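Take a look at the protein below.

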Amino acid sequence: MSIKPAIPCLTLLAAMIGPATAAEPLPDAIAAPGETMVLSVHAEGAQVYECKAGGDGKLAWSFREPIATLLADGKTVGRHYAGPNWEHADGSAVVGKVLGNAPGTTAADIPWLKLEVASRRGSGVLTPVTTVQRIDTQGGKLDGSCDKAGEFRSAPYSAEYVFLRKG
């Protein structure tokens, strides 16, 4: 009995899979060294903007709030909204405060963020969370002029939200 025929098969399999590479490290501004992932979810939603007068008196789009559905394995597991709040279907929720940001991949992408949990409520999967990262953003920026104060517009976006705890 010979094992030799298996070697070309394993070589072919390795070539099809490709080289093993580590995920690219996150930018320092949003990295959370020493923290452990509690939950990672995909978000689909919109960034909502309001037409307001800036400090110079000119009208411009100003970010108002996010509205997104949080998904895991294609199923809705929560929601994300103004605060910023993340609420899980189990009743646990956290509110974040921005600590750092890094540019999105393209000019149309909202920035990646690192947020510190400022408050929490309920009991469940989000209870131990101390840090939230928003990464892999797509879309969400709104360009163009606004003509009427008080007008609202939304820009579709998606992102990955990673919920971490210290230790």
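## Starting at Q47

Q47 sits in strand β1. Strands (E, at least two residues) and helices (H or I, at least four) are DSSP runs, numbered from the N terminus. The model is a predicted one, where local features need pLDDT of at least 70, side-chain atom pairs count only at pLDDT 80 or more, and totals for chains, interfaces and linings use all residues. Residues are numbered from 1 along each chain as its sequence is written, and side-chain values use heavy atoms, with hydrogens and water left out.

Is Q47 buried or exposed? Q47 counts as buried, at 3% relative accessibility. Buried means under 20% relative accessible area, exposed means over 50%, and partly exposed is in between (1.4 Å probe, protein chains only). Leaving out residues up to four places away in sequence, Q47 touches F63, E65, P66, I110, R134, G140, R153, S154, A155 and Y157. Contact here means heavy atoms within 4.5 Å.

## The largest pocket

Of the 15 lining residues of the largest pocket, Q47, F63, P84, L113 and R134 are the closest to its centre. The space in this pocket is about 180 Å³. Strands β1 (35-53), β2 (59-72) and β6 (112-121) are the elements that give two or more residues to its lining. The lining has eleven nonpolar residues, three polar and one charged.

Some terms need spelling out. The search uses a 1 Å grid over the protein atoms alone; a pocket is an open set of points where a 1.4 Å probe fits, with protein on both sides within 12 Å along at least five of seven lines, and lining residues have an atom within 4 Å of a point. Grid points are joined across faces, edges and corners, and the volume is the space filled by probe spheres set on the points. Ala, Val, Leu, Ile, Met, Phe, Trp, Tyr, Cys and Pro count as nonpolar, Asp, Glu, Lys and Arg as charged, and the others, Gly among them, as polar.

The peptide bond from G83 to P84 is cis, with omega near -5°. P84 is in the loop between β3 (75-81) and β4 (85-88). Most peptide bonds are trans, and most residues other than glycine have a negative phi.

| Residue | Phi | Place | Relative accessible area |

## The disulfide

How many disulfides are there? The count comes to one. A disulfide is a pair of cysteine sulfur atoms within 2.5 Å. C51 and C146 form it, with their sulfur atoms 2.2 Å apart. The link of C51 and C146 is right-handed, with 75° about the S-S bond. C51 lies in strand β1 and C146 in the loop between β7 (131-139) and β8 (152-166), so the pair ties together parts that are 95 residues apart in sequence. Both C51 and C146 are buried.

## The cores

The largest nonpolar core has 24 residues, and W86, V94, V132, Y161 and F163 touch the most other members. Strands β1, β2, β6 and β8 each supply at least two residues of this core. Another core lies apart from it, with seven residues, among them I30, A102, W112 and I135. A nonpolar core is a set of buried Ala, Val, Leu, Ile, Met, Phe, Trp, Tyr and Cys residues joined through side-chain atoms within 4.5 Å.

Leaving aside its neighbours within four places in sequence, Y161 is in contact with L39, S40, V41, A43, L70, H80, W86, V132, Q133 and R134.

V125 is in the loop between β6 and β7. V125 and L39 are 86 residues apart in sequence, with their C-alpha atoms 7.7 Å apart. P33 and K166 are 133 residues apart along the chain, with 9.1 Å between their C-alpha atoms.

The protein has one helix and eight strands. From the N terminus on, they run α-β-β-β-β-β-β-β-β. Of its 167 residues, 35% are buried. Among contacts with a separation of 6 or more, 61% are between residues 24 or more positions apart.
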